[in-house]
Amino acid sequence: MNKFLSIGFGNVGRAIPKRAEAELGLNQKNFVIRSDGVHRLNKDGTSVLFSKRPDFWQAPEVMRDVKVAFNTLPSSEGKRSFEILKHLASKGIPVVTAEKGSLSDFYKQIENEGLLDFLGSDATVGGRTGMLEWAAGQINIRATQIHLVINGTLNYILDGISNQRTPGQVIDEAVLLGYAEPGATEHLDVLNGELVGDIPKKAAILANRSLRNTIFLDGSYLSPEQLDQAPLDYSSWHRLIRESRDRRYILSFVRKDQEIPEDDIIAPLRKEFKTKFGVTVVTGGFRRIHDNPLLSYLNLSGTRNGAVITGGENESDGILVLSGEGAGPGPTATAMVNNARKFLK
């Protein structure tokens with residue numbers, strides 16, 4: 001019987017089994033890989049530690065009949081996820097991941113070692129939108145402006161505040177619904193977990209996976225460390241609350257002659273890459289969305305993610321727009337199961 005292996009078993013991991021069975025005809029192994037080792041999965045959905053061995057891929061009882069693995073480990077475990085990918089790929093087993101650390105920190109190695117052929121990564125950026133593949137197919141060297149909303153949690157919080165809900169209510173709800181990065185409980189820490197922990201990883205994945213061979217004409221790679229994101233302090237946070245109707249977190253890749261003034265951005269990226277990537281400037285931060293006709297397309301509700309692409313002189317190639325659900329266990333699990341389908345044909 002064909003089975004799938006769960007690596008990580010949080011909110012997203014628990015949302016996968018019913019979808020995988022119904023849509024892919026796969027049953028879940030009764031072993032789950034967690035941060036502390038191999039767990040045996042009980043019928044009631046709980047799990048107990050079975051073995052602390054890190055090399056679970058060498059255990060026949062764990063790997064027997066596995067056709068695909070779903071990785072939902074925390075993104076802080078990127079090195080571990082990279083190691084898992086290498087070993088499972090050597091056995092011909094693909095890994096579909098929502099974990100961002102391995103792909104953002106080790107993209108060059110993954111590409112050079114041919115591991116992309118065994119990796120499904122659509123859920124790492126853009127939730128259910130398919131943003132990575134869409135952007136790779138739509139962007140060419142004539143692209144002049146690329147603007148993106150890639151963090152559904154921040155979008156959810158700002159959308160809620162702009163609709164007259166209190167910041168505390170919206171942030172607590174985002175944590176409860178599993179939208180926020182795990183670990184933080186203080187409200188400002190929740191926001192900065194997204195800004196400092198999530199966005200640089202997603203930006204690096206998007207740049208390397210979808211843009212590197214088009215707008216980055218020298219083929220350079222971006223790392224999360226290069227995309228150092230400034231955290232919010234209390235003063236900036238209160239300003240953001242006041243201006244929530246007119247602000248969204250926007251990541252932009254633009255030509256040099258379209259540089260964005262710093263006073264337009266709250267919590268900007270600490271650096272802009274005006275030299276390393278030739279004609280391309282990478283910027284990010286909370287920007288005004290109503291003063292710029294292109295950014296008005298990114299006035300998105302709830303957890304939605306989106307992208308706007310223009311090309312040609314004076315945008316003569318037209319405007320392309322993408323949007324869809326971007327955060328939460330349901331959309332993420334759905335994106336992962338959709339991604340797995342291509343490996344099971």
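This is a predicted model: local features need pLDDT of at least 70, side-chain atom pairs count only at pLDDT 80 or more; totals for chains, interfaces and linings use all residues.
Student: Which residue stands opposite Gly37 in β3?
Tutor: Arg34 does. Strands β2 (residues 27-34) and β3 (residues 37-41) pair there, antiparallel, over 4 bridges. Strands here are DSSP runs of E, at least two residues, and helices are runs of H or I, at least four, all numbered from the N terminus. Two strands pair if DSSP finds at least two bridges between them.

Student: How many strands form the open sheet with mixed pairing?
Tutor: 7, in the order β4-β3-β2-β1-β5-β6-β7. The edges are β4 (47-51) and β7 (119-120), each pairing on one side only.

Student: Which helix packs on that sheet, touching β5, β6 and β7?
Tutor: Helix α11 (residues 329-341) does, and its direction makes about 150° with that of β5 (66-71). Contact means heavy atoms within 4.5 Å. Angles run from 0 to 180 degrees between N-to-C directions of lines fitted to C-alpha atoms, for helices over the stretch in contact.

Student: OK, the other sheet. What's its strand order?
Tutor: β10-β11-β9-β8-β12-β13, an open sheet of 6 strands with antiparallel pairing.

Student: Why is one side of β10 and of β13 left without a neighbour in the sheet?
Tutor: Because β10 (265-266) and β13 (319-325) stand at the edges, each with a single partner strand. Further in, 6 bridges join β8 (residues 143-149) to β12 (residues 304-311), running antiparallel. Gln145 stands opposite Thr310 in β12. Helix α9 (residues 187-211) packs on this sheet, touching β8, β9 (247-255) and β11 (280-288), and its direction makes about 35° with that of β9.

Student: Changing topic: is Leu158 buried or exposed?
Tutor: Leu158 counts as buried, because its relative accessibility is 2%. Buried means under 20% relative accessible area, exposed over 50%, partly exposed in between, with a 1.4 Å probe and protein chains only. Leu158 lies in helix α7 (residues 152-162).

Student: What is Leu158 in contact with, beyond four places in sequence?
Tutor: Leu240, Ser244, Arg247, Arg248, Tyr249 and Phe286. Leu158 and Ser244 are 86 residues apart in sequence, yet 5.6 Å apart in space, C-alpha to C-alpha.

Student: Last one: where is Val321 found?
Tutor: In strand β13. At 40% relative accessibility, Val321 counts as partly exposed.

Key
Residues are numbered from 1 along each chain as its sequence is written. Side-chain values use heavy atoms; hydrogens and water are left out.
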